[in-house]
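Good morning, and thank you for coming.

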Amino acid sequence: MDLKEMLKVGCNQLRVDVNEGQIDQLLTYKDILLEWNQKMNLTAIEEDRDVIIKHFLDSITCLKVKELKNDGKLIDVGTGAGFPGIPLKVCLPNLEVTLLDALNKRLTFLKEVSTQLNLSKIEFAHGRAEDYGQDLAYREQYDYAIARAVASLNVLAEYCLPFVKVGGFFICQKGPLVSDELKDADKAIKILGGEVVEKMDIQLPFSDINHRIVVIQKVKGTPTKYPRKAGKPSKTPII
Ligand code: SAM
């Protein structure tokens, strides 16, 4: 099966609608990713097939979250090489997307991807989530904050929930052992104004990998002392 077919069949298995043009955009992104990966460290996953499954289809699983709509504003916290933010932007073109990362060279790459894919309504933010979370231009301005592979859930909640408007959602992609993380993050989620509304089991197509997506709704404002200074949430997580 060629890569285009894999993406199509994978999306079908996940029961998410992705059109031909979007599949082509994703494949262009994959080519740029692997080309740039020769000169800068963007991904340890280098085989075409693995990139399609573990980066693209894995990002696309977020489209199964029924709360995530094709409008409003989303911030991808610790986006790295653009996952899941860029595949979501491609599949939900009306969404306004901010890609945030502490590493500037990754943002240089993401800007190039955005230009080549002709993406609009996309913003790049270089810096720490803890700093942006205290900036009023970003704080409680988003319908969705999303993150994959950035930190444990109690730390991630402090990075992400400050960005979300009351009524919006923090969506996080986690491994199968998220139940333990959820127990440890219970207090942090509450303090930061969140409430878990959904835990989804996801079987990644063409693999035996199981993932969880946790959806947390923001039910009240985040106290102004959060997020704490850069480095503090990971050094002394709320427990
Ligand atoms: N989300 C991407 C993915 O799943 O492929 C990247 C994951 S990578 C393991 C973690 C990324 O989060 C890195 O690019 C790192 O620079 C960024 N990061 C970690 N802590 C951060 C923070 N406090 N603020 C902003 N970015 C952060």
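Which residues does Thr79 touch, not counting residues up to four places away in sequence? They are Gly85, Leu99, Leu100, Asp101 and Leu110, where contact means heavy atoms within 4.5 Å. Before I go further, a word on the basis of the talk. This is a predicted model, in which local features need pLDDT of at least 70, side-chain atom pairs count only at pLDDT 80 or more, and totals for chains, interfaces and linings use all residues. Residues are numbered from 1 along each chain as its sequence is written, and side-chain values use heavy atoms, with hydrogens and water left out.

To return to Thr79, its place is in the loop between strand 1 (73–77) and helix 4. Helices (H or I, at least four residues) and strands (E, at least two) are DSSP runs, numbered from the N terminus. Thr79 counts as buried because its relative accessibility is 3%; buried means under 20% relative accessible area, exposed over 50%, and partly exposed in between, with a 1.4 Å probe and protein chains only.

Let us now turn to the interior. A nonpolar core is a set of buried Ala, Val, Leu, Ile, Met, Phe, Trp, Tyr and Cys residues joined through side-chain atoms within 4.5 Å. The largest such core has 53 residues, and those touching the most other members are Leu7, Ile60, Leu68, Ile86 and Phe109. Helix 2 (residues 20–36) gives the most to this core, with eight residues. A second, separate core of 32 residues includes Leu100, Ala151, Tyr159 and Phe163.

Leaving aside neighbours within four places in sequence, Ile86 is in contact with Tyr29, Leu99, Leu110, Val113, Leu117 and Leu119.

Ile60 belongs to helix 3 (residues 48–60), where the buried residues include Val51, Phe56 and Ile60. What covers the buried residues of helix 3 includes helix 1 (3–14), helix 4 (85–91) and strand 5 (164–174).

Ile60 is also among the residues that Val16 touches, together with Cys11, Leu63 and Lys64, not counting residues up to four places away in sequence. Val16 is found in the loop between helix 1 and helix 2 and is buried, with a relative accessible area of 8%. The C-alpha atoms of Val16 and Cys91 are separated by 9.6 Å, although these residues are 75 apart along the chain.

How many disulfides are there? The count is zero, a disulfide being a pair of cysteine sulfur atoms within 2.5 Å. For Cys62, the nearest cysteine sulfur is that of Cys172, 9.6 Å away. Cys62 is buried, with a relative accessible area of 0%.

Finally, some points of backbone geometry. Most residues other than glycine have a negative phi, and most peptide bonds are trans. The peptide bond from Phe83 to Pro84 is cis, with omega near 5°, and Pro84 is in the loop between strand 1 and helix 4. Another cis peptide bond runs from Tyr226 to Pro227, with omega near -5°. Asn118 is not a glycine, yet has a positive phi of about 60°. Asn118 lies in the loop between helix 5 (104–116) and strand 3 (122–126), and counts as exposed because its relative accessibility is 68%. Lys121, found in the loop between helix 5 and strand 3, has a positive phi of about 50° and is partly exposed, at 43% relative accessible area.
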